[in-house]
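Please keep the sequence and the coordinates open while reading.

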Amino acid sequence: MSGRLIFMVGVYDTLDIFAYEMKKRLEERGYETMLFDSRDTVGSLSRLYEFIKEKVTAVITFNNLGFNMELVAGQNIWDSLDIWCINILMDHPIYHKSALDNPPKKAVVLCPDRNHMKYVQRFFPNIPIVGFLPHGGKEAGNEIKEINSRSIDILYAGGISLGKAAFPEPDFKGLPFDGKKIGSEALELLIEEPSRTLEDAVEKVLLDNSIALSETELNETITAYKYVDQRATNHYREKVIRTIAHSGLDITVYGTGWENCSWIKDESHMHFMGRVPAEEIVSKMHDAKIVLNTMTWFKDGTHDRVFNGMLSGAAVFTDSSIYMKESFSDELEMFELTEISALPDRIRGLLSDGSAISALADRGRIRAKKDCTLFARADELADDLLSAL
């Protein structure tokens, strides 16, 4: 038996893509849906008033849009309407702490990394349902070119922010310990051991410095060190791209911030194309032999870039995660952040073997079409969660 769903949209185009794809698939499965568009609050509230005259199964939102919405101060609208609110996160929970601190009573939080799920379960016990839902990709409908006829050898999509000013440290005044020192040691630990999560690194450094905190204090402290997570991500992102370009391999890069790299003018093999809309990136992937990905410090999850690359018929190279090693050993090429120096030779070998790169791309596309689209994630949501609400 199907139900009735409200989808929150209207702030970020990338997240709206996810919402529209899931909405389409769930409608195919018999769900009745409505859109609550934050760009038209008055009209959306009018449609909501009519829609709630019959029972609503759940609200579905991405990255907290409407999760804490109030029409009356101090009263969450979904509590007032007694409706489950499913919040699908795209990032680490540290970036959403204020929203997660004040959830609706009937809240569901789904995370794209199993470490994130454990983090929410540990530090936000007032959220009744927490789960793991990997990112999904979208089939763009473009022609799938034979891989050896594609014009882009390596495509990378992702921005970079350089310098400490890009990720400023918080005000550590008032702490009973040297907050700057702890942050520096945590960053050093992540750079040395990049398989660690931010929370693992921060906890270890605190313990090494004989600092004991309550769970509430620890949650606040880890959140304050999100700049460490960002700096570690950027450190390895820059190292990967520079290593490949410096090796003589042509790499086409989309995103923001790369123009600020001091070395870019000396690397003739790096072709920086600036920022383009998310939909256009997917189209560009259809002309790439290899789609290169670096994770945003997800150690037990994945990113939609991986699946969009697979769906485009490209061979995908990505730094590893526990989840991807378990699930995609035959459909992805993975590398460790501790072995970046070997990456150019591995990429060069794949590019020089037409049958191997074509076979890898074909395996990836078949698997992604079967299990890793946003339609597939909508099916998981329907089968594993919505049917039980």
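Which residues does His-96 touch, not counting residues up to four places away in sequence? They are Asn-63, Asn-64, Leu-89 and Asp-91. The model is predicted, and its protein chain has 15 helices and 14 strands. The points below are grouped by topic.

**Overall dimensions**

- The radius of gyration of the protein chain is 22 Å, which agrees with the value near 21 Å that a compact globule of 389 residues would have.
- Along the principal axes, the C-alpha atoms fill a box of roughly 60 × 55 × 35 Å.
- Of the 389 residues, 54% are buried.
- Among contacts with a separation of 6 or more, 68% join residues 24 or more positions apart.

- His-96 sits in the loop between strand 6 (84-88) and helix 4 (97-101).
- The relative accessible area of His-96 is 7%, so this residue counts as buried, the cut-off being under 20%.
- Ile-152 belongs to strand 9, which spans residues 152-157.
- With a relative accessible area of 11%, Ile-152 is buried as well.
- Leaving aside residues up to four places away in sequence, Ile-152 touches Thr-252, Lys-284, Asp-287, Ala-288, Lys-289 and Ile-290.
- Asp-250 is 98 residues from Ile-152 along the chain, and the C-alpha atoms of the two are separated by 8.3 Å.

- The buried residues of helix 11 include the charged pair Asp-304 and Arg-305, along with Val-306, Phe-307, Asn-308, Gly-309, Met-310 and Leu-311.
- Gly-313, which follows helix 11, has a positive phi near 85°.
- The axes of helix 11 and helix 14 (residues 354-371) come within 7 Å and cross at roughly 115°.
- This crossing of helix 11 and helix 14 is left-handed.
- Helix 11 contributes Phe-307, Met-310 and Leu-311 to the contact, and helix 14 contributes Gly-364, Arg-365, Ala-368 and Lys-369.
- By residue class, the contact of helix 11 with helix 14 has 4 nonpolar, 1 polar and 2 charged residues.
- An α-helix has 3.6 residues a turn, so residues three or four places apart point the same way.
- Phe-307, Met-310 and Leu-311 on one side of this contact can be read with that spacing in mind.

**Helix 6 against helix 9**

- Helix 6 (residues 179-192) and helix 9 (residues 226-246) have axes that come within 10 Å and cross at roughly 35°.
- The crossing of helix 6 and helix 9 is right-handed.
- On the helix 6 side, Gly-183, Ala-186, Leu-187, Leu-190 and Ile-191 take part.
- They meet Tyr-227, Val-228, Arg-231, Ala-232, His-235 and Tyr-236 in helix 9.
- The residues of this contact divide into 8 nonpolar, 2 polar and 1 charged.

**Helix 7 against helix 8**

- The axes of helix 7 and helix 8 are 10 Å apart, and the two helices pack at an angle of about 115°.
- Helix 7 passes helix 8 in a right-handed sense.
- Leu-198, Glu-199, Val-202, Glu-203 and Leu-206 of helix 7 meet Leu-218, Thr-221 and Ile-222 of helix 8.
- This contact is made up of 5 nonpolar, 1 polar and 2 charged residues.

- Ser-210 is not a glycine, yet has a positive phi of about 60°.
- Ser-210 is placed in the loop between helix 7 (198-208) and helix 8 (215-224).
- Its relative accessibility is 71%, so Ser-210 counts as exposed, the cut-off being over 50%.
- Trp-297, also a residue other than glycine, has a positive phi near 60°.
- Trp-297 lies in the loop between strand 12 (288-293) and helix 11.
- At a relative accessible area of 4%, Trp-297 is buried, whereas Ser-210 is exposed.

Key: Residues are numbered from 1 along each chain as its sequence is written. This is a predicted model: local features need pLDDT of at least 70, side-chain atom pairs count only at pLDDT 80 or more; totals for chains, interfaces and linings use all residues. Side-chain values use heavy atoms; hydrogens and water are left out. Helices (H or I, at least four residues) and strands (E, at least two) are DSSP runs, numbered from the N terminus. Buried means under 20% relative accessible area, exposed over 50%, partly exposed in between (1.4 Å probe, protein chains only). Contact means heavy atoms within 4.5 Å. Axes are lines fitted to C-alpha atoms, for helices over the stretch in contact, and angles run from 0 to 180 degrees between N-to-C directions. A crossing is left-handed if the near helix is turned anticlockwise from the far one by less than a right angle, and right-handed if clockwise. The radius of gyration is taken over C-alpha atoms; the globule rule is 2.2 Å times the number of residues to the power 0.38.
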